[in-house]
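Hello,

Here is the structure I promised to pass on to you. Please have a look at it first, and then read the notes below.

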Protein chains: 2
Amino acid sequence: MSDVRICVDAMGGDEPAEVVLAGIEAALEADRSLTVLVAGPEDVVVPFCESHERAESLVAPDVITMEDDPINAVMTKRKSSIVLGCRAVKKGAADGFFSAGSTGAVTAAGTAYVTPFKADRDGKKTAIRPCLTNALPNRRGGLTVMCDMGANPDVEPWDMVRFAQMGAAYASCVLGVDEPSVGLLSNGTEEHKGSVFTQSCYPLMAEHVPGFAGNCEGGDITSGSVDVVVCNGFDGNIALKSIEGAAKFMMDELKAGMTANLKGKVAALLMRDMLRALKHKLSGDAKGGAILLGLRGVVMIGHGATSAEAVKNGTLACAEAVRGGLVERVRESMGLEA
Amino acid sequence: MSDVRICVDAMGGDEPAEVVLAGIEAALEADRSLTVLVAGPEDVVVPFCESHERAESLVAPDVITMEDDPINAVMTKRKSSIVLGCRAVKKGAADGFFSAGSTGAVTAAGTAYVTPFKADRDGKKTAIRPCLTNALPNRRGGLTVMCDMGANPDVEPWDMVRFAQMGAAYASCVLGVDEPSVGLLSNGTEEHKGSVFTQSCYPLMAEHVPGFAGNCEGGDITSGSVDVVVCNGFDGNIALKSIEGAAKFMMDELKAGMTANLKGKVAALLMRDMLRALKHKLSGDAKGGAILLGLRGVVMIGHGATSAEAVKNGTLACAEAVRGGLVERVRESMGLEA
């Protein structure tokens, strides 16, 4: 019996479709109550679906590539897997959509077709900004939620309040954190620290965000001192890429030390499994992807440099988000009606 | 024979004055043409200077702590080591000032007493914003200059042009880079990426910054793909703290792996020297501190959690910046007259 139906983009990511299909196959094996709607060109998806139970094809002749201008591609390639996947969620033909394709295109299509919730702002019902959210491993052995990770480079203070509310809903619904604490990413922890922009966010967040813990710093993304770190998409991208870059730097240094002499080479043999586990932990493959919060459906985006395991985990995480009622929890966090 | 006289703040940093004095002693031993003006309370600096050649005391009874409000402290504690040190540079009694004290207080005192250069802006001679600059180790085995690292959370596009020009002058004068390349920190490398703010900086930088290489990402701070990364002080602080946090995370994970079982413990023994060297490389102690570019004198700020070695290296780096004519090179990079 199938309880959840997830649409997966067979054409997403830098890897060939076979890698994505292998990930879908693994997800179907791991979760026996899952049905997958596989979106992509006929010659890719039909043979796969004919040979797999609980796999149905959604033929999408157009392909949006990483090089396409996101908004333009979503407007012109109406029969792409990204557009048809989002439309399937909107129509109820799928409960969620997972793609390892262009973040910009999935965000644009999700916003256009799955559509964001609306909230009162200055007396008018206004669409809220969807916010790209993920969880990064921290030094306390847990995960820190970060939002926005790149969907909105320029936002207003009220957008930050929404990001905080939605990020807290994610922490509680997906990670199981009771009463999550929420930090505002700034250049110091003291209340007077910040830019003119974050200083205008602070009092609004203090009033409207349960668990607001004041300012936090870049180091708190990995320290685990707060459960949710809130920032605009510009700073979120900078922090995330800085962290990834620093991790690469450390790995390079370790590799150099491990090939420099015999002691290092022996150590490398002894630590092989551990370094592999660390690399895996950092790759993000274990979680499968980032989620666009604020939409009326579950839309997840995997790493472009994807792997079968990342697709499997992303598909399963998408199904779990549906089963956990994440979209409803996000809506409730902002006090909105259905 | 002494050619350079550097004022060092004996009261800077979280460590007791003895640590700073040990660092000064080491600097005097390492550089025989250096004279140090030691600023601090009489009972700290006078005995030290009496027992050391080329050490002269600058008695400063007031102490600015890390807890003081920076601007207020600089205005009220006129006889503090930070204020008197900056005034010594202004008066020519010292060629440069090194402090491991409060970044905010040294920036405020440097701006008030050493004073920034002035440049034409909208037809008026306007003081430029001093910019906190440092160099971080990158994956190519070199150093990447980053500015502003935290002095100015909110700036205008013209300030970013100045930061870029000054950062390039630092790269060429201090690091010896020929024709340094300069990246604008953004949320993607493509020209259309960025916030409204960075997009307004882009064309100005393209016109006025030699070696401008377009947008760069957080990962480029450690990748070594550009020589200088330019950002406002808010983003600089976030990127720097994110990198430091990620490095701590990696070190924690390694430590955990190395105590988990016998294999790990043996590997830890084999890699002890290498990990110590890596920690040292990341600590910033080797470079001694960040420099405030744009002032009419050399002002350097060390880590608050300082060590004797950091003070030694900061004092020596200060002397080298004086000998290399860094202040003049910075002035020339902006096309300003003396």
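**A histidine and its partners**

Let me begin with one side chain: that of His52(B) makes a polar contact with the side chain of Glu25(B), at 2.7 Å. A polar contact here is a pair of N or O atoms within 3.5 Å; within protein, one must be able to donate a hydrogen and the other to accept it, and residues adjacent in sequence count only if both atoms are side-chain atoms. A polar atom of the His52(B) side chain also lies 2.7 Å from the backbone oxygen of Phe48(B). You will find His52(B) in the loop between helix 2 (42-50) and strand 3 (55-59) of chain B. Helices (H or I, at least four residues) and strands (E, at least two) are DSSP runs, numbered from the N terminus. Is His52(B) buried or exposed? At 19% relative accessibility, His52(B) counts as buried, where buried means under 20% relative accessible area, exposed over 50%, and partly exposed in between (1.4 Å probe, protein chains only).

**How to read the model**

This is a predicted model, in which local features need pLDDT of at least 70 and side-chain atom pairs count only at pLDDT 80 or more, while totals for chains, interfaces and linings use all residues. Residues are numbered from 1 along each chain as its sequence is written, chains are lettered from A and ligands numbered from 1 in the order in which they are written, and side-chain values use heavy atoms, with hydrogens and water left out.

**Two copies and their interface**

How many residues of chain B are in contact with chain A? The contact involves 48 residues of chain B and 48 residues of chain A, with contact meaning heavy atoms within 4.5 Å. Because 100% of the interface residues of chain B are also interface residues in chain A, the copies meet through the same surface.

Between them, chain B and chain A bury about 4,300 Å², 68% of it on carbon and sulfur atoms. Buried area is the accessible area (1.4 Å probe) that two parts lose on being put together, summed over both. Phe234(B), Phe249(B) and Met250(B) supply 16% of the area that chain B buries against chain A, more than any other three residues.

There are 10 residue pairs in polar contact across this interface (both at pLDDT 80 or more). On the side of chain B that touches chain A, two or more residues each come from helix 7 (196-208), helix 8 (220-223), helix 9 (233-259) and helix 10 of chain B. Helix 9 of chain B gives the largest share of that side, 20 residues.

**Salt bridges**

A salt bridge is a side-chain nitrogen of Lys or Arg within 4 Å of a carboxyl oxygen of Asp or Glu. The count over all chains is 25 salt bridges, and between chain B and chain A it is 5.

One that you can look up is Asp252(B) with Arg139(A), at 2.8 Å, N to O. Another salt bridge pairs Lys263(B) with Asp273(A), at 4.0 Å. Lys263(B) lies in helix 10 (residues 262-283) of chain B and Asp273(A) in helix 10 (residues 262-283) of chain A, so this pair joins two chains. Lys263(B) is partly exposed at 40% relative accessible area, and Asp273(A) is partly exposed at 46%.

Within chain A, the side chains of Arg121(A) and Glu156(A) form a salt bridge at 3.6 Å, N to O. This pair links distant parts of the chain, 35 residues apart: Arg121(A) is in strand 5 (residues 118-121), and Glu156(A) is in the loop between strand 8 (143-147) and helix 6 (157-173).

In chain B, Arg323(B) and Glu320(B) form a salt bridge, with their closest N and O atoms 2.8 Å apart. Both residues lie in helix 11 (residues 308-323) of chain B, 3 residues apart, about one turn of the helix.

Best wishes
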